[in-house]
Amino acid sequence: MKNPFKNTAFEFGVLNYKSMPNEDCVEVLLSGRSNAGKSSALNALAENRKLARTSKTPGRTTEINFFRVNKDLRLLDLPGYGFAKSDKSKKKDWGPMLGEYFQKRYCLKAVVVFMDIRHPLKEIDIDMIGLCRDFDVEFLPVLTKSDKVSNNQIFKVKQEVQKKTGVKEVLTISTLKDQGIKELRTRLISYSLKDE
Ligand SMILES: Nc1nc2c(ncn2[C@@H]2O[C@H](COP(=O)(O)OP(=O)(O)O)[C@@H](O)[C@H]2O)c(=O)[nH]1
Ligand SMILES: [Mg+2]
C-alpha cells in the first residue's frame with residue numbers, strides 16, 4: 001500500500017496565533033522534549049530525510065511549523081518547544097500561542113507526546129498532557145528510540161506510562177530500526193477520518 005505520508009510537505013511557519021492558516025483540515029500537534037526524536041519520526045512517517053531538521057542542538061525558534069499530509073490532515077511541529085527545562089523564558093514564550101491554539105482551534109484533534117523511552121514523562125510532557133486534559137484534547141504517548149532498550153524494558157516503560165497517564169494506547173517506535181512507524185501512520189490517519 002502507498003504510504004499516505006509520502007507527499008507530506010512544509011506549509012507555513014507562524015509566530016503567532018493570528019498568522020495561522022484557515023482551519024480546513026484536522027490538525028495533530030507533535031510535541032516532545034528537545035531530542036526526543038520528533039523530527040526523526042516526522043521524517044520516517046514521510047520517508048523523507050529532508051522534511052524536518054534533525055539535530056542534537058535544535059533551533060530556539062518559537063514558531064509553529066505546519067506540515068500538510070493530505071487534504072484532510074496537517075501535522076504541527078513546535079521546533080523550540082522543550083529546548084531546555086531550565087529556560088523558563090522559553091516556556092513563557094510558548095504559553096500564549098499554545099493556550100490560544102488549544103482554546104480556539106477546533107480542528108485540533110490530538111496531540112502526540114513523543115518521549116525518549118529512557119526518559120518518559122518529564123515535566124514538560126506532564127505540562128503538555130495537562131494542557132490536553134484542560135482542553136479535552138486526546139493525546140497519544142509515543143515512546144521513541146526503542147532500539148536503545150531491551151524488550152523487557154519496553155514492556156515496563158509502556159506499562160508505567162499507561163498507568164501514569166490513564167491512556168491505554170501507548171505506541172513504541174524506532175526510526176533507526178523502522179519499528180512502529182506503520183502503526184503510528186495508521187493512528188494519525190485515523191484522526192482525520194470523519195467518524196472517529
Ligand atoms: N537510536 C536512535 N536514535 C534516534 C532515534 N530517533 C532519533 N534518534 C536520534 O536522537 C537525536 C534527536 O533526534 P531528533 O529527531 O532531532 O529529535 P527532536 O529534537 O525531538 O526533533 C538525533 O541524534 C537522532 O539521530 C531512534 O529511533 N533510535
Ligand atoms: Mg526537532
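Let me begin with residue N35, which counts as partly exposed because 19 C-beta neighbours lie inside 10 Å. For that term, a residue is buried if 20 or more other C-beta atoms lie within 10 Å of its own, exposed if 12 or fewer, and partly exposed in between, with C-beta atoms placed from the backbone. N35 lies in the loop between β2 (26-32) and α1 (38-46). Its phi is near 80 degrees, a positive value in a residue other than glycine. The element names follow DSSP runs, numbered from the N terminus: helices are H or I runs of at least four residues, and strands are E runs of at least two.

Before going further, a word on the model. It is predicted: local features need pLDDT of at least 70, side-chain atom pairs count only at pLDDT 80 or more, and totals for chains, interfaces and linings use all residues. Residues are numbered from 1 along each chain as its sequence is written, while chains are lettered from A and ligands numbered from 1 in the order in which they are written.

I turn now to the sheet. It is an open sheet of seven strands in the order β1-β3-β4-β2-β5-β6-β7, with mixed pairing. Two strands are said to pair if DSSP finds at least two bridges between them. The edge strands, each pairing on one side only, are β1 (9-14) and β7. An antiparallel example is given by β3 (residues 64-70) and β4 (residues 73-77), which pair over five bridges. There, F66 has L76 in β4 as its bridge partner.

Next, strand β5. Seven of its nine residues are buried, and the strand is thus described as mostly covered. Its pairing with β2 is parallel, over six bridges, and L29 stands opposite V111 in β5. With β6, the pairing of β5 is again in the parallel sense, over seven bridges; here M115 stands opposite L143 in β6. From β5 the chain crosses through α3 to β6, and this β-α-β crossover is right-handed. Right-handed denotes that, with the strands pointing away from the viewer, the path from the first strand over the helix to the second runs clockwise.

Which residues touch the most other members of the largest nonpolar core? They are L42, V113 and F114, in a core of 42 residues. Strand β5 (residues 108-116) gives the most to this core, with six residues. A nonpolar core is a set of buried Ala, Val, Leu, Ile, Met, Phe, Trp, Tyr and Cys residues joined through C-beta atoms within 7 Å. In soluble globular proteins, nonpolar side chains tend to be buried together. Leaving aside neighbours within four places in sequence, the contacts of F114 include L30, G32, A41, V142 and T144. A contact requires that the C-beta atoms of two residues, placed from the backbone, lie within 7 Å.

α3 has 12 residues and reaches 16 Å from its first C-alpha to its last, close to the 16 Å expected at 1.5 Å a residue. That expected span is 1.5 Å times one less than the number of residues. Buried in α3 are I124, D125, M128, I129 and C132. These residues cover an arc of only 140 degrees around the axis, which puts them on the same side of α3. The arc is that of the directions from the helix axis to the C-beta atoms. The face turned away from the buried side of α3 carries the exposed residues E123, G130, R133 and D134. Among the elements covering the buried residues of α3 are β2, β5, β6 and α4 (151-165).

Just after α3, D136 takes a positive phi of about 55 degrees. The loop that holds D136 runs between α3 (123-134) and β6 (138-144). Is D136 buried or exposed? It counts as exposed, because 7 C-beta neighbours lie inside 10 Å.

In strand β6 we find F139, which is partly exposed with 19 C-beta neighbours inside 10 Å. F139 and V113 are 26 residues apart in sequence, yet their C-alpha atoms are 6.9 Å apart in space. Beyond four places in sequence, F139 is in contact with A110, V111, V113, I129, C132 and V167.

Finally, Q179 is found in the loop between β7 (171-172) and α5 (181-191). Q179 is partly exposed, with 14 other C-beta atoms within 10 Å. Not counting residues up to four places away in sequence, Q179 touches S146, I173 and S174.
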